[in-house]
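User: I am new to this structure. Could you please take me through it?

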Amino acid sequence: SAVVGLNLSNIQGDILIGMRKKKELFFFFSIDNPTAFKSRLGSDILPLITRTTQILPNATHPPATAVNIAFSQRGLNVLGIRDDLNDTNFKNGQMYNVTATLGDQTSYWEPAFAGHHIHGVFLVASDTIDKVKATLSRIQKISKGSISEVYRIQGHARPGNEQGHEHFGFLDGVSNPAVSGFAVAVPGQATVDPGIILLGESGDTGTRPDWAKDGSFLAFRQLQQRVPEFNKFLVDNALSEPGLNASENAELLGARMVGRWKSGAPIDLTPLKDDPVLAVDHNRNNDFNFTHPDDPNFDFKTNQSYCPFSAHIRKTNPRADIANPFNQHIIRAGIPYGPEVTDAENASNSSSTDPSLERGLAFVSYQSNIGQGFAFLQQVWANNKNEYLYFALRIGEDPIIGVALDGERFASGLDPKNQTRNITFNEDFVVSRGGEYFFSPSISAIQNTLSV
Ligand code: HEM
């Protein structure tokens, strides 16, 4: 439930609650005529931009199609903005040094992200592709001649019961931090100062120009998911829990790699079997912190019988593993892209090389400091073999998103019966196709600074 404290009509809608539609287009553009674009931005584009207030659960007339806009550093330069937003990652752009930092192989990068032409992105979200297309046409008509398309990704929710689930089959969008002054935390949910997500708010330690207040950095990633390979890995490396059959033991391995069952139920609360009711109960599905103080025989610093240290959700949000509240939090607002796995891919246990069959996650995260948010989670936690920050254990990379920067990619703790056993991944199930860092400005910044 929203409480007063932030100027929600000044904050773009995707940042704090996400546009939460079935279809979302990412339209990456280049600004060809800055003067013409600015004038259209300030006049006819501005009214199309969706504010947080318009899509709150109690909003009276939520727009059928929500629109947000964000700019890369190159885009701000082209608009003539000289102020420094004071974020090194944003300033350099995502491509800079990306192999050494995030572990990307730039040979896999989509050429559009590797080029120098992306100045901004429109996020266009609606229930149908037709409505998305209609709004995009409107935007293109308004900005005619001043911008041109560089690249686009059409995101869409998966069909039927898979809606809300990412392509490996796991429910996504479950755990995000609560922003104080905006939302009241459900049990287990971290509360962060608004300045961890929004520039210029309390908790943001950066020096920012006044106009940057209530904007947020948007980290975009096109993350390809190799689904048949992932499924084959689970079958080939199925665990051996007594009482579970082979396919349940394969499911269990997947759940331990993520830290949740496909339903969304956290394994820290239900380690050996799924619990679909718990999965969707918002008052319980975040109510865990890996420590189990009620279990006298359990030492959370060594025992991984509930949740492995390497599990994706524990790597990216270690909760009570870190003794004091920490600021390494992001708000995620991504959506799947690409088609369902085909029969031919399933039969061959391998992803098609046909580019039209590429699938994955159009990953979006918001944070006020990319080096404390997305880049920290990927580089310092997910890609790190050591869980050195808290207990000096060698646990391997994040099984889902981790990249081995040195040696083999592996994770320990996945086998409950033999927790020191390293399970090796001979391949990556998630491959970065690149991305860019953007700044999602406040409405007043668009009106008074970026369009003048
Ligand atoms: C949570 C999948 C990429 C950070 C989750 C969850 C799933 C998931 C299934 C659990 C449900 C939830 O809490 O929403 C994936 C997949 C990815 C991906 C398939 C790539 C294709 C990333 C990346 C990051 C990230 C790149 C950041 C570097 C997080 C965080 C959480 C999360 C912070 C919440 C952890 C918590 O608070 O418990 N992800 N993810 N994910 N993921 Fe990812």
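Analyst: To begin with a definition, helices (H or I, at least four residues) and strands (E, at least two) are DSSP runs, numbered from the N terminus. The expected span of a helix is 1.5 Å times one less than its number of residues. This is a predicted model, in which local features need pLDDT of at least 70 and side-chain atom pairs pLDDT 80 or more, while totals for chains, interfaces and linings use all residues. Residues are numbered from 1 along each chain as its sequence is written, and side-chain values use heavy atoms, with hydrogens and water left out.

User: How many residues has helix α9, and what does it reach from first C-alpha to last?

Analyst: Helix α9 (residues 246–258) has 13 residues and reaches 19 Å, close to the expected 18 Å.

User: What caps its N-terminal end?

Analyst: Asn-245 does, with a side-chain oxygen 3.1 Å from the backbone nitrogen of Ser-247; a polar contact is a pair of N or O atoms within 3.5 Å, and within protein one must be able to donate a hydrogen and the other to accept it, with residues adjacent in sequence counting only if both atoms are side-chain atoms. Just after α9, Gly-259 takes a positive phi of about 100 degrees.

User: Now the ligand. Which protein donor does the iron atom have?

Analyst: Its single donor from the protein is His-312 (NE2), 2.1 Å away; donors are N, O and S atoms within 2.8 Å of the metal (3.2 Å for Na, K and Ca), and water is not among the atoms, so sites may look incomplete. His-312 is in helix α11 (residues 312–316).

User: What lies 2.7 Å from an oxygen atom of the ligand?

Analyst: A polar side-chain atom of Arg-332 does.
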